[in-house]
Amino acid sequence: TRSTRPQRLLKAVQKNATRGDPQSVISAIDHFCRHSEWAMNIGDEKVVNELNPEKVLELGTYCGYSTVRIARLLPPGARLITLEFNGDYAAIARQVIAWAGLEDKVQLVEGASEDWIPRMKEHFGIETFDLVFLDHWKDRYLPDTKLMEDCGLLRKGTVLLADNVICPGVPDYLQYVRNSLSYKSCYFKSHLEYTKAEDGLEKSVFLG
Ligand SMILES: O=c1[nH]cnc2c(O)c(F)c(-c3ccc(F)cc3)c(-c3ccc(F)cc3)c12
Ligand SMILES: [Mg+2]
């Protein structure tokens with residue numbers, strides 16, 4: 001049967017990127033998405049870099065592109081936990097992360113965010129996160145944010161970074177973080193990855 005897009009993306013990484021070189025993995029995926037097939041990676045334009053997180057949670061791994069983008073910048077000892085619901089995506093992402101040589105910094109967990117968020121403390125020994133990147137399913141952004149609050153995983157200063165707040169859009173989440181007294185929120189206008197359509201990131205700091 002015909003290969004899947006994630007499988008073709010992985011082949012492009014293994015063909016064009018250097019093992020152990022995260023930047024070459026990112027460039028290979030960007031090239032694949034610009035010149036071969038669009039894929040829902042956050043892309044090379046939507047960027048927020050002034051953060052220095054030690055403990056990062058990523059909701060939605062897909063093929064591991066943003067995982068590599070974030071993990072390559074983590075200092076020794078810092079950790080990124082990434083949750084992926086789709087087993088096929090998770091299998092590809094594991095190989096992309098390994099090709100980048102970042103498996104020591106990244107823990108990829110296959111399963112539903114709502115099942116794993118309540119288990120972060122007892123299963124991973126994580127008290128609170130410094131950064132949460134929301135890039136999974138638009139209908140889960142708000143409930144998972146409330147669940148993280150209820151599980152005590154957010155501390156004063158934790159940054160929530162949400163992709164696709166315009167396209168496809170997450171109106172209920174935006175309304176919440178922009179109107180809640182518990183968040184300081186701001187919008188980073190950009191474009192839908194590899195296209196001219198508007199999209200952007202919402203950065204929301206939890207105030208405790
Ligand atoms: O679902 C997503 N999760 C995370 N990031 C995403 C992302 O960065 C995207 F650009 C898109 C997107 C947006 C526009 C479009 F035309 C196609 C896909 C999606 C998405 C939206 C609706 C779906 F039915 C399927 C995929 C996602
Ligand atoms: Mg996205």
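Let's start with A78, which sits in the loop between α3 and β2 (79–84); helices here are DSSP runs of H or I with at least four residues, strands are E runs of at least two, and both are numbered from the N terminus. At 3% relative accessibility, A78 counts as buried, where buried means under 20% relative accessible area, exposed over 50% and partly exposed in between, with a 1.4 Å probe and protein chains only. Leaving out residues up to four places away in sequence, A78 touches P53, E54 and K105, a contact being heavy atoms within 4.5 Å. T61 is 17 residues from A78 along the chain, and their C-alpha atoms are separated by 18 Å.

Before I go on, a word on the model. It is a predicted one, where local features need pLDDT of at least 70, side-chain atom pairs count only at pLDDT 80 or more, and totals for chains, interfaces and linings use all residues. Residues are numbered from 1 along each chain as its sequence is written, chains are lettered from A and ligands numbered from 1 in the order in which they are written, and side-chain values use heavy atoms, with hydrogens and water left out. The protein averages a pLDDT of 97, and 100% of the residues score at least 70; pLDDT is the predictor's confidence in each residue, from 0 to 100. For the complex, the predictor gives an ipTM of 0.99 and a pTM of 0.98.

Not counting residues up to four places away in sequence, D130 touches P53, E54, K55, R155, G157, T158 and V159. D130 counts as buried because its relative accessibility is 13%. So which backbone nitrogen lies 2.8 Å from a polar atom of its side chain? That of K55.

Now to the magnesium ion (ligand 2). D135 (OD), D163 (OD) and N164 (OD1) coordinate this ion at 2.0 to 2.3 Å. Donors are N, O and S atoms within 2.8 Å of the metal (3.2 Å for Na, K and Ca), and since water is not among the atoms, sites may look incomplete. Along the chain, the donors follow the spacing D-x27-D-N. Both D163 and N164 are buried.

Next, the helices. The 14 residues of α2 reach 20 Å from first C-alpha to last, close to the 20 Å expected. Among the buried residues of α2 are V25, I29 and F32, and the cover there includes α1, α3 and α4.

That takes us to the inside. Which residues touch the most other members of the largest nonpolar core? They are L9, V25, I29 and V96, out of 41 residues. By a nonpolar core I mean a set of buried Ala, Val, Leu, Ile, Met, Phe, Trp, Tyr and Cys residues joined through side-chain atoms within 4.5 Å. Elements giving two or more residues to this core include α1 (5–16), α2 (22–35) and β4 (129–134). Beyond its neighbours within four places in sequence, L9 is in contact with I29, F32, A39, N41, C63 and V96. Apart from this core lies another, of 28 residues, including L57, F124, V165 and V170.

Key
Polar contact = N/O pair within 3.5 Å; in protein donor to acceptor, adjacent residues only side chain to side chain. Expected span 1.5 Å × (residues − 1).
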